[in-house]
Amino acid sequence: MSKKSFKLVASLTFILLFALKPDAFSKDYGNTMLKPFRVLVILGDQWQDPASYMVSITKSPNKYSGYFTRPEVPAQVDFHHLMVLLKSWSIPFDVIRLDQQFLDRYMFLNMDGSPMYGTIIWDVNKSDKLLHPDYSIIQEMVQDYGIGLIALSDRIFPSEIQSLLGLKYNGCWESNELMKVESKHFLTKDLNSTFSMDEISGQEYGLGTHLKREQVEVMDGTVTLVRQGDYPQATAKVFTSGGRTVWIGNDVNNMFYFQDIRTLLRRAITWTIGYNFYKTWENKLIMIMDDPGGAQNTYLEHWRYPELTENIIEKYLIKPLKEHNAILNINFVPAFVNDDKQILEPTWTQDFTDGFGVRQNYVSAKKGFDKGIKAGVFEVMCHGLSHMQPDLVSDPGWYGAPVDQEKSEVGWYREFGDTRRLKGIPAAEQLWRMKTAKRWITEQFGVIPLEFCAGGNGVSISYSSNTFKLAGQAGFGWSGWTQGYLGTDMAINEWNFMGTPDSPLFIAAPPNGHDFGITTNPETFKEIFNQYPESLFIGINEFIGYLHASNSGNWNNEEKRLTLNLNYDPHYCMHFKNHPSSWTFELSDWLEDKTGKVSVIKIDGKDIPSSTAPLKIAIPSGTGKHKLEIVFR
Ligand SMILES: [Zn+2]
């Protein structure tokens, strides 16, 4: 074929291919400066729940790594960690799983061919369960439509993904070299020059120094951001369409235990989309106390104590909390098991002397709790209905039993798993208890509880009667102390990164996280404020409000204006009804070069003064919709 005829064939082929595309918008959308504020997470087969609701830490596969003489290959945690981080930052996202879904262009595009997402987080593991994905679709989305791509660790085996990242992947092997920042770049700004793993007392993360290091070769046009010894572990690349790609390497099961990698991931979202709008949790603390209203203190020999009185609550809880502008989150029990009558009753009318000869005055306690709620220092949470087994009758039977026999068995004082008979509790019984507890607490305290905590962590774990799943179904927004996010979209079982910018720290109210401790050592409660002098003790409903905020963002090219819509659900985000909220708006360097500096910020139509990036944005109180407009010079 002559040079001339080759050219003709090539251009005819191009015209034909272009005409055959279902839309011809890609060039326009590729050049549109900004993409919508939404992330698409793409997985392989890591989501264990076939119904795509429960996000749990997978079980360890019981395999040998070759280092120890016992099986210690860790479970895959990348997907779980990603969900915790995105929820905690309140960055809006959807999830695609390639073990159940075929990759399709319209997963990324609206009907008119415009992109639905600003960036993709690529976390597809190698698995024979994948439904033969067409990876060239990802190339099209990045190269033609300008959608960003952030790929993780060893999830880059397809050649199409390597080509987008500008890398050649060679595999991963153990290395304990330190990761160091190599290039000054928007993505590495403010990161520590050497990365170190989180140290959280009592918790050992990962495999210590026995981590996998990825080995890649970097092609022309790709920038190395972070290096581990001789090998790049973070890279970035820009396409003429505006598409930007980032690869973050290191050990896939341990990478997010590095604070700098978590920050790098969040910044990669900013850099690939152009902007970001998120929440972080520096010095925020959620203090929790369990059990007021429960019955176990009146029946259980090793856990017996008088219910708190109005006087103790005022003097040792409300007073120091007020002095430190702090909130104590309390898991209340709204129903009491009356052994004499063998029935369930509302808690706060009880006033009697128990079988150990101790006065139990729940009426007085209620007065104290009401005062703290009115003063805004107590947050009301739900500790189930009775903190006791639903079945107290059948063998071996609790009703009427002596206090030093069946009554002294702790298994009776759990509600959502039958820890006395070692079995689960049926789903309908659990749901009734959750919903009734919510209704009773709402009536008793005038507040709808958003957190649900199963008494003594007694839970059912079979799929159909899974306590966490049911609590999400019952309309709670958070489970347990740190058992995680509950929503209509998913339930994340177990939280992470507590006490870092990526999650508040959860702590037990001194001395032992229960009203029991206050009855024996009331003076020790206020010591918490000396231990955390810099921290703000927030209510859990504030945290839940941010987790459930539904934000979106769109760019108006003609008006050089970015509009962010915040949507606070009146139920899950009820905290914002009477409280302002605060967010960070971050603009990437390349976008600021194009748009110029931010000139005007409007919130709900009103101008507010702007400062330098990243901007702290204060949204006035009120649930429902808020509009943030950012106008550039
Ligand atoms: Zn409890």
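Modeller: In strand S34, Phe632 is the bridge partner of Val598. Keep in mind that this is a predicted model.

Biologist: What makes S31 and S34 a pair?

Modeller: Two strands pair if at least two bridges are found between them. Strand S31 (residues 598-603) and strand S34 (residues 624-632) share five bridges, so they meet the cut-off of at least two. The sense of the pairing is antiparallel.

Biologist: To which sheet do S31 and S34 belong?

Modeller: They are part of an open sheet of five strands, in the order S28-S29-S34-S31-S32, with antiparallel pairing.

Biologist: Why are S28 and S32 said to stand at the edges?

Modeller: Strand S28 (550-556) and strand S32 (606-608) each have a single partner strand, so one side of each has no neighbour in the sheet. On average, neighbouring strands of this sheet are turned by 25° against each other, direction ignored.

Biologist: Which strands form the open sheet of three?

Modeller: Its order is S12-S30-S33, and the pairing is antiparallel. Strand S12 (275-278) and strand S33 (615-619) are the edge strands, as each pairs on one side only.

Biologist: Where do the side chains of S12 point?

Modeller: Tyr275 and Phe277 point one way, while Asn276 and Tyr278 point the other way. In a regular strand the side chains alternate between the two faces of the sheet.

Biologist: Are those residues buried or exposed?

Modeller: All are buried. The word requires a relative accessible area under 20%.

Biologist: What makes Asp291 a donor of the zinc ion?

Modeller: A donor atom has to be within 2.8 Å of the metal. Asp291 (OD), His383 (NE2) and His387 (NE2) lie 2.0 to 2.1 Å from the zinc ion, so they qualify as its protein donors. Along the chain, the donors follow the spacing D-x91-H-x3-H.

Biologist: Why can Asp291 and His387 be said to tie parts of the chain together?

Modeller: Asp291 lies in the loop between strand S13 (284-290) and helix H7 (296-299), and His387 in the loop between strand S19 (378-382) and strand S20 (417-418), so the pair ties together parts that are 96 residues apart in sequence. Both Asp291 and His387 are buried.

Technical notes. Residues numbered from 1 in each chain as written. Predicted model: local features only at pLDDT ≥ 70, side-chain atom pairs only at ≥ 80, totals over all residues. Heavy atoms only, no water. Helix = DSSP H or I, 4+ residues; strand = E, 2+ residues; numbered from the N terminus. Buried < 20%, exposed > 50% of the residue type's maximum accessible area, 1.4 Å probe, protein only. Donors = N, O, S within 2.8 Å, 3.2 Å for Na, K, Ca; no water. Axes fitted to C-alpha atoms, helices over the stretch in contact; angles between N-to-C directions.
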